Amino acid sequence: MAITKEDVLKALSYVEEPDLGKDLVTLNMVENVQVSGKDVSFTVILTTPACPLKDLIRNACVTAIHTMVDKEADVTVNMTSRVTSGRGDTSEVLKGVKNIIAVASGKGGVGKSTVTTNLAIALAQSGARVGLIDADISGPSIPTMFGVEQQRPQMIQGDHGKNYIVPVEQYGVKMMSIGFLTPSDGAVVWRGPMASSALRQFISDVEWGELDYLLLDMPPGTSDIHLTMVQALPVTGAVIVTTPQKVALADAVRGLQMFRQPQINVPVLGVVENMAYFTPAELPDNKYYIFGEGGGKALAEKYEVALLGQVPLVQSIRESGDDGTPVVLQNDSPASGVFRELAQAVAQQVSVRNATLAKTKPVEIKS
């Protein structure tokens, strides 16, 4: 019997998207089914270009056609993506941005900006459209890590004569930082309202365009900046960065709990354990747990969130950040693979969050 389009769709209705727990047909993830004799082709629309289950889904589709339709069928599975969004607001603020992710720590010195930088580039490498706001107004480090300290953003005139800032772009990531607007050796000594006003400008006065993910590199602690961020933006979720030792974990807990307060209620996508272990370049198989072992994993388990990744303490990560060429750009470095896996894990959690939780809106905080 000849193979029909209906035969193909019926077979694919038995292929489940592992994270979302429903089949591809029900989730409207199958398009452009073509049948010519024994040649079968179709497109699977993934929820992110950084999907870590791409090969698993492809193989499951081929197996389903061979098992339920024709074992001799020549199956071509085209994989593309359409990033989902969890936004529920109808405002004009960052209208073209699908997902806004806050990267926070509760504490300084845990490598949050390093994690954010490599995560942003890894997402861009996967094919996603990525932006990055350096929300640490008093200690901006993003321009240094991207090697664009001397660049200055341009201005364009938008609708109704309003001027907009054009973000600096490097390694496929659009970014904005106070570091682009002030001398590199100058101190930004501002009170909370001034810093919050600067963040609001980065949100409303910058031409971000269409983005799949906008990352916010948050300052340490739980401050005015954090409240401004959740009030001004519908934040998709938060990523908590910590190191394994007890003193860092205590602050990470506070950062995590801030997002979970009833009046804020921003989903926590997971925990990143940075500097999880030290591996010297000459002994790549050795691990030395300088700051303790498994603290980030224990934190994730206690608060029932995902452990997104464990980033090693290696010299190349520090050197590449100082040089403005983040380690994720170096294909021969084991650390680059860690950050690519981290990007996949974050994108995966965003997709699950958008499919299972309520749409996000800016938070109304009453004093």
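In this predicted model, strand 7 (residues 130-134) lies parallel to strand 12, with 5 bridges between the two. How many residues of strand 12 are buried? The count is 7 of the 7 in residues 211-217, so strand 12 is largely enclosed by the rest of the structure.

These strands belong to an open sheet of 8 strands with mixed pairing, in the order 10-11-7-12-6-13-14-15. Strand 10 (168-170) and strand 15 (306-310) form the edges; each has a single partner strand, so one side of each lacks a neighbour in the sheet. On average, neighbouring strands are turned by 25° against each other, direction ignored.

Helix 7 (residues 246-260) touches strand 6, strand 13 (237-242) and strand 14 (268-273), and its direction makes about 175° with that of strand 13. Helix 10 (residues 334-356) lies across several strands, including strand 12 and strand 15, and runs at about 165° to strand 15.

Turning to helix 1 (residues 5-12), its buried residues are Val8, Ala11 and Leu12. They fall within an arc of 95° seen down the helix axis, so they line one face of the helix. The face turned away from this buried side carries the exposed residues Glu6 and Lys10. Among the elements covering the buried residues of helix 1 are strand 3 (30-36) and helix 2 (54-68).

Note on methods:
Residues numbered from 1 in each chain as written. Predicted model: local features only at pLDDT ≥ 70, side-chain atom pairs only at ≥ 80, totals over all residues. Heavy atoms only, no water. Buried < 20%, exposed > 50% of the residue type's maximum accessible area, 1.4 Å probe, protein only. Helix = DSSP H or I, 4+ residues; strand = E, 2+ residues; numbered from the N terminus. Pairing = 2+ DSSP bridges. Arc of directions from axis to C-beta. Contact = heavy atoms within 4.5 Å. Axes fitted to C-alpha atoms, helices over the stretch in contact; angles between N-to-C directions.
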